[in-house]
Each structure stands twice: as C-alpha cells, then as structure tokens.
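Here is a short note to read alongside the structure. Take the points in order, and keep the 3D view open as you go.

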Amino acid sequence: MAIFEWDDSIALNIPIIDEQHKELLGWIAALDDAVQKGEGAQTISEVLLKLVSYVCLHFDEEERLLLTCNYPDFASHRREHDGFVKKLQGFQERFQDGEELSRSTLEFMSDWIVTHIRGSDQKYGPLLRAKIGTAEC
Ligand SMILES: [Fe+2]
C-alpha cells in the first residue's frame, strides 16, 4: 500500500473541504518523506506535530460546517474524527518515547483519511453542496 496522493477520485466538489483534504494528505506525504530520508527525531516530531495540528484544524472546520448545515449524522461523524485524533496522539506519544514511525503507521494514516473521505465525508457531500453559500448554511 502506498501513501495516497490527492486525485479527483476523492473530490467532494466542496472547495474549502477539498483544499483542506489536499493539504492534510500533503502533511502525511511530508511526514513520510522525512521518515524515508532518515531525518532526525526533532524534524520528524515537528512534521508530526504539524500534521496533528492540521488534522484538528480541519476536523474543527468540517464539524462547524456540518453543525451549521444541520447534518443529521453529526454525532457519529465527530466520533470518527475523535477516534482518529486519539490514534494520532498515541503515535505521537510512542514516537516521543523513542519508537520509530513505521511505514505501516504512515500507511494507516493515509488509508484512514482516504477511507473516511470516500465513505463518511461523501455522505455529507450532497447536503453541504446544496446548502453552503445559501442563507441556510
Ligand atoms: Fe470528516
């Protein structure tokens, strides 16, 4: 399995979300790059922190839109986000404890995001596309 690079197959056609998904996958690719190049722990830990911060920023923004647009499955969607953030925090802690960031961990991050976009995010696509920019949302 490879680290996924953005392509139109995961586009939601909601510009603000698509841009953030691109940037998020870009941070995973940057982290993979740093690990492959054998960068030092300080550099890897900085990129990992940027990735986790960006994931949180993106989830906050997405959840804000889902709430504003009255998305009916908001609670379960947020639970998925929370679960992924906990996983990332666990990876961060283990890395700080001296464990290496493995290729399979990076692939897990990439797979999780792509599966989430293709599954759960796609489900809110029609509602948000219809409502964003209207008086309703
Ligand atoms: Fe999401």
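This is a predicted model: local features need pLDDT of at least 70, side-chain atom pairs count only at pLDDT 80 or more; totals for chains, interfaces and linings use all residues.

1. Residues are numbered from 1 along each chain as its sequence is written.

2. The overall fold. The chain has four helices and zero strands, and its elements run α-α-α-α from the N terminus on. Helices (H or I, at least four residues) and strands (E, at least two) are DSSP runs, numbered from the N terminus. The radius of gyration is 16 Å, close to the 14 Å that the globule rule gives for 137 residues, so the chain is as compact as a globular protein of that length. That radius is taken over C-alpha atoms, and the rule is 2.2 Å times the number of residues to the power 0.38.

3. Box and burial. Along the principal axes, the C-alpha atoms fill a box of roughly 50 × 25 × 20 Å. Of the 137 residues, 17% count as buried. A residue is buried if 20 or more other C-beta atoms lie within 10 Å of its own, exposed if 12 or fewer, and partly exposed in between, with C-beta atoms placed from the backbone.

4. A helix pair to look at. How do helix 2 and helix 3 cross? The axes of helix 2 (residues 41-68) and helix 3 (residues 74-96) come within 11 Å and cross at roughly 170 degrees. Helix 2 is therefore roughly antiparallel to helix 3, a label for angles over 145 degrees. Axes here are lines fitted to C-alpha atoms over the stretch in contact, and angles run from 0 to 180 degrees between N-to-C directions.

5. Who makes that contact? Helix 2 contributes residues including Leu48, Val52 and Phe59, and helix 3 contributes residues including His81, Val85 and Leu88. Two residues are in contact if their C-beta atoms lie within 7 Å. The residues of this contact divide into 11 nonpolar, four polar and two charged. Ala, Val, Leu, Ile, Met, Phe, Trp, Tyr, Cys and Pro count as nonpolar, Asp, Glu, Lys and Arg as charged, and the others, Gly among them, as polar.

6. Two asparagines worth a check. Most residues other than glycine have a negative phi. Asparagine 13, in the segment before helix 1 (15-36), has a positive phi near 60 degrees. Asparagine 70, in the loop between helix 2 and helix 3, has a positive phi of about 55 degrees. Asparagine 13 counts as exposed, with 10 C-beta neighbours inside 10 Å, and asparagine 70 is exposed with 11 other C-beta atoms within 10 Å.

Conventions:
Angles under 35 degrees count as roughly parallel, over 145 as roughly antiparallel, 65 to 115 as roughly perpendicular and the rest as oblique.
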